[in-house]
Amino acid sequence: MRAKIVKYYPLIPVYAGYFILFMIGKNLPGMWQLVAMLAFYCAIGQAFNIFLGMTGYVDFGYVAFMGLGTYGMALSIAYFYQVEWLGIGVIVIGLILAIIMASLLSMAVGAVALRLRGAYFAIATIGVNEGFRYLIEGAKIWGGSEGIIFSGQLSQAFGVEKASELSTFWADISVFLIAGIAAFITIYYMRGKIGYALTALREDEDAAKVMGINVTRYKIIAFITSASLAGLVGATAWALKLTYVFPPEAFEIHYSVEFIIVVLLGGAGTLLGPIVGGLIYGLSKYWLAVIVPGFQLLIFAPIIIVIIVAFPEGVIGMLKQRIKGTVLEKFII
Amino acid sequence: MIGAQLAGNLTQGLVLGGIYGMATMGLSLIFGVLRVINVGHGAFIMVGAFITLWMFTALGLAPIIAIPIALVVGMALGFIFFYSAMRRLIKAPELTTLLATFAIGILLEELIKLVFGSEFRGYNWAVGKITLPITVFPMSKIYAFIGSVAIALLLYFWFKKTRAGTAVRSVVEDSEGARVCGVNVGWVYALSFAIGIGLTTASGVLLTMFIPVGINPYMGGGYTLKAFVIAVLGGLTSPYGAFFGGLIFGLIENGSYTLFALIPGVEAFAMTRFLSFVILLLILLIKPTGLLGAK
């Protein structure tokens, strides 16, 4: 029994981090927006890490799962906003739809792309992402290139005041919750059979296969989990918060790259990494926008190159090396 | 009527395809030798476009002259980025090389934006046109096509007939074997990366000769994606494969656009893009060595 609990000790710093972040946002005036943004990067980093960090496969189309989650929520609100007895159920349906749509896409992508490796996989994910975007625009599905704007429907369904509370408060709270769930799933996978299988796969896929590990199965599990969580983040942090969705934004590859940077900065394949990465990335993005508006990327790009070359393991990756053999080892992974 | 239109558009597509092909050779060369996908590919095309624009508007020089200049500038950029970053990342996991090349692309885009601003620009190089029965070509497009075929041929002979070219081919085949035979693999990496970037930058000149408008720091993104499709058509590791892949892609793009435009209720431009990514996925699934690949 005790051993079982010890397994989950590393969640303590994670949840402590989220709690402190939440308290800062709640109690310091004017900080909520910043805290919400940081929570968003931490949550999506944590979700992405389950696939990217644990398998080592680079998915440039990850944003598509978020995009589809956004569409799931948008469709639910756009279709059911007049059904009065549903009440908050509209949001629940939206969340379920987000999970279903994101995981269906991940199964489709998995069937095609997960047979490929390395650079070929990365290119295939770009292909799926762009192909899906242009299918929506070209065949005029879900409003085509104009997308769906549903702020009006949201206000009609819940009243103006409730709708705005939903966008500015509950959406962000949900992101915190999703981040917490993602952290729990991460450690559950890491300390279970799937985690060992994925580690073996990341180090040497052929060797893992020869050892009798069903690599395809574990890859797909990690992929679907990661995609569903991204769908949830999309349904809350994008759909509920922005109350619109349109294809060029929902499938913008730059977002995937942002999320890759978050994971890599903190340390791919670690539990605490995505949070550290999300905080560093979110804060520097925020401060650079204040100090040098319009030129954030000009400063950020060379920093990223330097970090990749000098510290490829990320912050937590390096920290793990330092604390080997100390008590902290139990808490920071 | 539609037949003539299709024929005209296909001819245009073939010419554009030749330039697309040349614009992808650098990507394939770098992947073939270093096994690195240059996600910042389009940014180098953009640099070539701005070199052309600047030489034409500020110095009054014809875009043709910009081709060798862009090649040299591109090779210099290639050496700089290779020795400052890529050299340390060759054996690293994909994650780091993909991110590094992406960051290099962003850096270039932002530098150009800093100097030239982000509005769309264009130039007009009027050198007459030729009229075929089915379509009309401005001479600048013809020059661009001739230029890209000439560069492709030069690269071909450099590969087959020179010592350096042979060394590069040996590294593509088997880098360990090449090292054992005394090939300076490190230098081959640097040279291939520089030539790959140089070719890409030069292709930016050719692309603006075909489409002299829409020059903007962020114009490269679309070309990166097209180059991926073309490179996969050509088998990803072979520069000549990429050239023929470009020809095929140009035909598919213009041909399918003409046909999609006939279908009511769809956006032809977006459907053309959609089709190209369907082709990309099909080839990756069925024949990852490319349409012209050996095995």
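First, the term axis: axes are lines fitted to C-alpha atoms, for helices over the stretch in contact, and angles run from 0 to 180 degrees between N-to-C directions. Helices (H or I, at least four residues) and strands (E, at least two) are DSSP runs, numbered from the N terminus. This is a predicted model, where local features need pLDDT of at least 70, side-chain atom pairs count only at pLDDT 80 or more, and totals for chains, interfaces and linings use all residues. Residues are numbered from 1 along each chain as its sequence is written, and chains are lettered from A and ligands numbered from 1 in the order in which they are written.

Start with chain A. Helix α13 (residues 253–266) and helix α14 (residues 273–291) of chain A cross at roughly 115 degrees, and their axes come within 7 Å. Residues count as in contact if their C-beta atoms, placed from the backbone, lie within 7 Å. On the α13(A) side, the contact includes A:Ile261 and A:Val262, and on the α14(A) side A:Pro274 and A:Tyr281.

Next, helix α5 (residues 89–113) and helix α11 (residues 215–242) of chain A pack at about 145 degrees, with axes 8 Å apart.

Which residues of α5(A) and α11(A) meet? Among them are A:Gly94 and A:Leu95 in α5(A), and A:Ile220 and A:Phe223 in α11(A).

Last, the chain contact. Chain B and chain A give 38 residues each. On the chain B side, the largest share, 14 residues, comes from α4(B).

How values were computed
Two residues are in contact if their C-beta atoms, placed from the backbone, lie within 7 Å.
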